[in-house]
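We will go stop by stop.

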Amino acid sequence: MRPGLSPAGLRRPGLARDVAIALTGLALLLALPMAFPAPALRDFLIYFFAYGLLAMSLNLLVGLTGLVSFGHAAYFATGAYVFGLLMQTGRVSIPVGVLAAVGGTALVALVIGAICVRLKEIYFSFITLAFQMFIHSVIVTWVSLTGGDQGLRGGIPRPPVLGLDLNDARTLYGACAVVFVLCILAMRQVSQSPFGYTLRMIRDNPARANFLGVDVTAMKLGIFVFAAAMASVGGLILALFVSGAYPEFAFWTTSGEAIFMIMLGGIKIFLGPLVGTLLLQTLNHFVTIYTEHHGLVLGTVILVIVLGLRRGLADVLFDWLQARRAPRAAGPAPGSLEAEPIGDGALKGRTV
Amino acid sequence: MGTNTVSGRAPSRRQVLGGLAAGAAVTGFPHIAGAQAKAIRVGMPTILSGRVAILGTSSRAAAQLAFRQINEAGGINGRTLELIDRDSKGRPDEAAKVTRDLINNDGCEIIIDGEASSGAFAVHEVIRDLPVLCLHTCSETSSLSADPKLHVKTAFRCARQGIHDAVAGGTYAARIAKQKGLKRWMTCSPDYAYGRDNTAEFLEFAKVFEPSIETVDQVWPKLFAPDYTESITKILQTKPQAVYSALWGGDLVAFIEQSNLYRLFNSITMFSGGLGDPPVLTAIKQLPPGLNTAYRYNRNYPAKPANAAFADAFAKIAGHEPTNWAWQTYLACQFMAEALKRTGGRTEGTALAGALKGMTLPAPFAVGDAITMRDTDHTIIGYPVAWGRTVPKAPFVEDFSDVDWSKIVELEAQWKKSKGYA
């Protein structure tokens, strides 16, 4: 039986638990600004939501499917620009703008992905980078539409949504938190679905998956488009918050940061990239306050983690928990089945 | 710091809550401290790292100098000014973030925005949300203050702007073209929006004043390109009589140095919008004489004792001559201090904005008696837009020739109409 499926095959058993965790997380996020009303905390968390979605969606490709994309920020930026441009027309509501931005980004990703997913390994990585730089160039050179290197100027209007005034900072934060948690839940659902397990199989042995009748290209394309759509939500959250969109959103360094977040957090735990996002954003926030040599500090931290731990922080925690559980599982009652070995080797490099 | 607390321990609910609480406390407490402090906190988002770090470091040094002088003179109604700077790394979204942080977390009541253009637009939108007084000191993009759709009641620009420079540059270039019979022109500017817009505006006004000017070719090297050989050889092949360049900073230094190897300036008259910045002039090992450049800063122009005193005091802090961004930031601090005096130390954005509108300040850099913060579009006029010629030794630029501001304002008004801004 495939892991994660109920005997009836209709609903996976972990769904209720995931929804409960998501609701708890959302409640915590909504309660935090009440307990600590400093606006800076809200601002910090909105950035965390935006970049967290970028890192989490990239991990659907890197950790789940084994597709190392160097150009994921292109979709982050596409979401931001499509949303910003639509809102600046003054003719669409925020929900319509969001749906159009996510849909538009998915469409762009469908076209680009149809080309990219046919390539493997480093060739896939470089063609995604090439498409990202293409989109960046379009943004920079199409000045009449995008504002070029000055970015989308004039602010992004925030008309009321269902009676909610998003010009109020607390309301905006609450809305962003809800959208963030919904996206994380959607990614979790995809990750734990039969589709998600098929992607793991493709990552581990694409030839075998193909032999078993899986349309590998279609599966890769599916997750490529979904990940791009999720990244676009991160982009539009940031655009809504900073009231603009800028070519830097689509630059390769933004994709690089998302990869750093995944490296820092790890890929074995589903929420690992969020740990990396929190770590990088927190480091960035505090280091920037005290020194302009932040690159040196961040580089040192990354070096220590990469060379010292050789995995993300969440991975360290996960391995430690596994190591603690293993002896208990390895001490079977007389007559019981031998426990399946779960260790570093068994789970190395795999999202669970 | 909060980082380790949050992410490095077992994720039990209690520990996660504790970690987040600690993190929130760290970010929250400075806000309270700021609100209770006696000093007036002024935030400065700017670029302090990367290729254009001198923009931020020289702006910061100018603000430090101004604040020290204001505080030594008794401050504002007994309150001192305190500068809190933050590096945006040249990223607009980061500029927005640190500006919000400076206001919300550090309790800054005024923002001196030392961001380049795209960052300045991001800060501008933050000020729309959080309406404290903001003075942009580095952005030269005209639309920031010229476009009424972008108008923010508490935001002002205390910096030169593209349209003023274009009129002044066009006027000067046309005069030299007439004198020397320069008809065949080429341009060599960086291939991005600023480079193309700046070049187009310069040529537009040069042709208005001297219709015989003909653009025979244009080359567009990449921004931050290390090698300009291709552009230089193209210029040599085309053999124009004059070249205009919107290159700036290290790119311009590289272009001039490499052009020297080809003796480009022996036969071609050069016009540059960015050469007049002292750090650029001093970085060039063999500065050719007779290159035409726009004023960016010069301790001898305007020839006023206060200007020379500013240059000396700045050099003591920064270790080099003032930059264009430095005098603009220093001037912004003077405008801010005067506005604070007029409001009796009140720091509300609307009160300070009311005081700043139309303010005339006798500044060391004024071409005439004073520099004015125009009330209609919140931007300065009356600052130096002169052009001069290079000499190999300090002060590196001489024979400054200014343009009448009434003429600039008249042509600016026409330009605004053509753009739909007026």
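**Stop 1: a loop in chain B**

Select B:His378. This residue sits in the loop between β12 (371-374) and β13 (379-381) of chain B. Check its backbone: phi is positive, about 55°, although B:His378 is not a glycine. Is B:His378 buried or exposed? B:His378 counts as buried, because 24 C-beta neighbours lie inside 10 Å and the cut-off for buried is 20 or more. Keep in mind that everything on this tour belongs to a predicted model.

**Stop 2**

Now jump to A:Ser243. You are in the loop between α10 and α11 of chain A. Phi of A:Ser243 is near 55°, a positive value in a residue other than glycine. A:Ser243 counts as buried, because it has 23 C-beta neighbours inside 10 Å.

**Stop 3: A:Ala245**

Stay in chain A and select A:Ala245. It lies in the loop between α10 (216-242) and α11 (252-265). A:Ala245 is buried, since 34 other C-beta atoms lie within 10 Å. What does it touch, leaving aside neighbours within four places in sequence? Its contacts are A:Ala77, A:Ala80, A:Tyr81, A:Gly84, A:Gly151, A:Leu152 and A:Ala239. A:Val82 and A:Ala245 are 163 residues apart in sequence, yet their C-alpha atoms are 9.4 Å apart in space.

**Stop 4: the whole of chain A**

Zoom out and color chain A by secondary structure. You will find 15 helices and zero strands. Chain A has 352 residues, and 48% of them count as buried. Take the contacts in chain A with a separation of 6 or more: 73% of them join residues 24 or more positions apart.

UniProt, in an unreviewed entry, lists several stretches of chain A as "transmembrane region", among them residues 20-38 and 44-62. Select residues 20-38 first. This span is 84% helix and 0% strand, with end C-alpha atoms 28 Å apart. Then select residues 44-62. Here the span is 100% helix and 0% strand, and the end C-alpha atoms lie 26 Å apart.

**Stop 5: two helices side by side**

Select α12 (residues 272-290) and α13 (residues 294-309) of chain A. They pack at an angle of about 145°, with axes 9 Å apart. The crossing is right-handed. Show the side chains where they meet. α12(A) brings A:Leu283, A:Asn284, A:Val287 and A:Thr288. α13(A) brings A:His294, A:Val297, A:Leu298 and A:Val301. Look at the spacing along each helix. An α-helix has 3.6 residues a turn, so residues three or four places apart point the same way.

**Stop 6: the core**

Which residues have the most contacts inside the largest nonpolar core? They are A:Phe49, A:Leu53, A:Leu54, A:Ala77, A:Ala80, A:Ile237 and B:Phe335. This core has 232 residues. Its largest share, 19 residues, comes from helix α2 (residues 39-65) of chain A. Center on A:Phe49. Leaving aside neighbours within four places in sequence, A:Phe49 is in contact with A:Cys176, A:Ala177, A:Phe180 and A:Ile237.

**Stop 7: where the chains meet**

Show both chains in separate colors. At their meeting place, 36 residues of chain B are in contact with 37 residues of chain A. On the chain B side, the elements giving two or more residues are α1 (2-7), α2 (13-36), β2 (81-87), α4 (92-104) and α5 (117-129). α4(B) gives the largest share of that side, seven residues.

**Stop 8: the annotated domain of chain B**

Select residues 40-381 of chain B. An unreviewed UniProt entry annotates them as "domain: Leucine-binding protein". The span is 46% helix and 16% strand, and its end C-alpha atoms lie 28 Å apart.

Inside this selection, pick α13 of chain B, residues 324-342. How far should its 19 residues reach? At 1.5 Å a residue they should span 27 Å, and the end C-alpha atoms are 27 Å apart, so the two agree. Of those 19 residues, 16 are buried. Just after this helix, B:Gly344 takes a positive phi of about 70°.

**Stop 9: two cis bonds**

Select B:Tyr301 and B:Pro302. A cis peptide bond joins them, with omega about -10°. B:Pro302 is in the loop between β10 (292-294) and α12 (305-318) of chain B. Finish at B:Ala394 and B:Pro395. Their peptide bond is also cis, with omega about 15°. B:Pro395 lies in the loop between β14 (387-390) and β15 (397-401) of chain B.

Key. Residues numbered from 1 in each chain as written. Chains lettered and ligands numbered in written order. Predicted model: local features only at pLDDT ≥ 70, side-chain atom pairs only at ≥ 80, totals over all residues. Helix = DSSP H or I, 4+ residues; strand = E, 2+ residues; numbered from the N terminus. Expected span 1.5 Å × (residues − 1). Buried ≥ 20, exposed ≤ 12 C-beta atoms within 10 Å, placed from the backbone. Contact = placed C-beta atoms within 7 Å. UniProt positions renumbered as here; feature names shortened; annotations may be inferred. Core = buried A, V, L, I, M, F, W, Y, C linked by C-beta atoms within 7 Å. Axes fitted to C-alpha atoms, helices over the stretch in contact; angles between N-to-C directions. Left-handed = near helix turned anticlockwise from the far one by under 90°.
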